[in-house]
Amino acid sequence: MANVYPVFRRCLLHHRTQAYLGAVGHGYCREFKHDSTHQTEGNGQKRRYLMYTAVITTTTLASICINHYVEGRKKCLQIESPVETEHAGQYKKSLPVYTLEDVAEHATKNDRIWVTYGQGVYDITDFVEEHPGGDKILMAAGGSLEPFWLLYAVHKNPHVFALLEQFRIGNLKEDESSDILSNMEDPYELEPRRHPALKPASVKPFNAEPPLQLLVDSFITPSDLFYVRNHLPVPEVDPETYSLEITGVGVKTIFLSLHDIKTKFPKYTVTAAVQCAGNRRSEMSEVKPVKGLSWGPAAIGNATWSGARLYDVLKAAGLEEDHPGVEHVQFEGLDTDAANLPYGASIPIEKAMNRKAEVILAYEINGEPLPRDHGYPIRVIAPGIVGARSVKWLGRIVVSEEESTSHWQRNDYKGFSPSVDWDTVDFTKSPAIQELPVTSAICDPVQGDTVTLTPEGKMVVRGESTYGYAWSGGGQKIVRVDVTADGGKVWHVAHFTGQDTKSKTPYHWGWTLWKAEIPIPAGEKQVELWVKAVDSSYNTQPENFENIWNLRGVLNTAYHRVRVNINQTKK
């Protein structure tokens, strides 16, 4: 059952339905709940509870099996397999035909909510109330889902289509479905070009990481090979008309052009690693499926960032230190969703107004203007903090009594106990991730490689010119990296080959690169390498993922493990 994903459960009085998708690989989970009462002819009032968990996998789905409980007895039924993209919304002869005018008459809950996809017409009334998109899915009520699913392209996968087909009630008149398609624009059609070496975790929106072997070829990650994390389409921003608003509690509202930011404030440079909250999520998914993109260990990068210091900008807007009631600084991007809501996040005021924290409004990476994928023309860089708070395409800064109300601050990027599941999770009970814990990874050899030993019978990790990485949030310095090839009986201390020594503060925002030589006993044909790092507060990594598993798949910091084959023929 390790590779079996729950898709949905339906409770209808004494009937309980549980469905499972057979799949191999890692995935992305979403859960939708609906609780309502309906008047059913001849049966009086019935209370119906629906819960759907859509698992968006990166692999082929095998089957759907329904475990149908009636009065405590269980039997397995086969239902329709996941629907491939090209088959979704196809004409069905057995169903009635409706016009767009018919669909438009069903745009509220009182009239039942209808939507279209392709040539399909769907009544989603019983689904919409607790859909995670909430008000956004209602924007499609009485019309087509397709413009919204172009924006949220993650929906376009076989098992989401299978769920949609559960609500199919008819066909859309053929010539009218063609009109919809001809009038649609792809919000991702103007995306920037990306380096072909990047390995996508998703395409729309684009999210990708470099190959591990390339990740640490240099202490400074080239911008073309820096991992890309986008939540929405990449906006096109005209630098000539760009304007950054600063507003909120304790400040006078001001607007700054790109020229203002570059000329009115001292240029400040900081070397800092930026890491996605889901880095190494694919390893956690091996314990049990989690929600999120299937990142490997390369959703991290180390760069030199330059721009105006946030402290200086807030002071220019009139903010005084220790202003009463100010607790957070919120950031809003220029990337927006279908409801025109921007990506948003926030950091505590103690971080924002601490000059030594070196939070900047960056306009350069490695001495060059920011590429579009990395926030051109301005992005936040909050060193030592999860990458989700370093908002790209920055459009607005709000000084506030509360943290950002953005979905990504309040209802995402939070950690939970391994015992919390999607039935019991309460995002209000867990704080938003800010500083990240210590982590490390072996970048070469990679899983399944064959390694030739040195004349002394040692394995060099990694090679003669490249390294693994270690990093800790909050500005903690890496003080030791340990590597073992025998399950922890003997640990070998790695040699540091790259570490930031030019910091203007006591903090160490950049990563540490390391290299290790590991003796391998004669006759060994395969070994599993483990690595763990220790920071300056003597924090270290947990041994396994079982004890830190969480349903969102974040904070993936257990020992990094790589199994390799040994070629005993020495160099």
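# Close-up views, one by one

**View A. In a salt bridge, the side chains of E528 and R563 meet, with 3.5 Å from N to O.** The two residues come from distant parts of the chain, since E528 belongs to strand β33 (residues 526-535) and R563 to strand β34 (residues 560-567), 35 residues apart. To count as a salt bridge, a side-chain nitrogen of Lys or Arg has to sit within 4 Å of a carboxyl oxygen of Asp or Glu. The model you're looking at is predicted, so local features need a pLDDT of at least 70 and side-chain atom pairs count only at 80 or more, while totals for chains, interfaces and linings use all residues. Residues are numbered from 1 along each chain as its sequence is written, and side-chain values use heavy atoms, with hydrogens and water left out. Helices (H or I, at least four residues) and strands (E, at least two) are DSSP runs, numbered from the N terminus. Are these partners buried or exposed, or something in between? E528 is partly exposed at 25% relative accessibility, and R563 is partly exposed too, with a relative accessible area of 34%. Here, buried means under 20% relative accessible area, exposed means over 50%, and partly exposed is what falls in between (1.4 Å probe, protein chains only).

**View B. K92 and E165 form a salt bridge through their side chains, 3.2 Å from N to O.** K92 sits in the loop between β6 (73-78) and β7 (97-98), and E165 sits in helix α5 (residues 158-165), so this pair ties together parts that are 73 residues apart in sequence. K92 is partly exposed, at 31% relative accessibility, but E165 is buried at 11%. Why do such pairs form at all? Side chains of opposite charge can pair when their charged atoms come close.

**View C. D373 and R194 make a salt bridge, with their closest N and O atoms 2.6 Å apart.** Find D373 in the loop between β22 (368-369) and β23 (379-381), and R194 in the loop between α6 (174-182) and β12 (199-202); the pair therefore ties together parts that are 179 residues apart in sequence. D373 is buried, at 6% relative accessibility. R194 is partly exposed, at 23%. By the salt-bridge rule given for View A, the count comes to 19.

**View D. The second largest pocket has a volume of about 580 Å³.** Which of its 24 lining residues are closest to the centre? They are E283, E286, Q447, H560 and R561. The elements giving two or more residues to this lining are α7 (212-215), α9 (281-285) and β34. Strand β34 supplies the largest share, three residues. By type, the lining divides into 10 nonpolar, six polar and eight charged residues. Grid points are joined across faces, edges and corners, and the volume is the space filled by probe spheres set on the points. Ala, Val, Leu, Ile, Met, Phe, Trp, Tyr, Cys and Pro count as nonpolar, Asp, Glu, Lys and Arg as charged, and the others, Gly among them, as polar.

**View E. The peptide bonds from Y376 to P377 and from D444 to P445 are cis.** Omega is about 10 degrees for the bond joining Y376 and P377, and near 10 degrees for the one from D444 to P445. P377 is in the loop between β22 and β23. P445 is in the loop between β25 (439-441) and β26 (450-452).

**View F. W393 and Y413 have positive phi values.** For W393, phi is near 50 degrees, in a residue other than glycine. Look for W393 in the loop between β23 and β24 (394-400), where W393 is buried at 2% relative accessibility. Y413 also has phi near 50 degrees. Y413 lies in the loop between α12 (407-410) and β25, and Y413 is buried, at 2% relative accessibility.

**View G. Zooming back out, the protein has 12 helices and 34 strands.** Buried residues make up 55% of its 571 residues.

Conventions. On a 1 Å grid over the protein atoms alone, a cavity is a set of points where a 1.4 Å probe fits but cannot get out, and a pocket is an open set with protein on both sides within 12 Å along at least five of seven lines; lining residues have an atom within 4 Å of a point.
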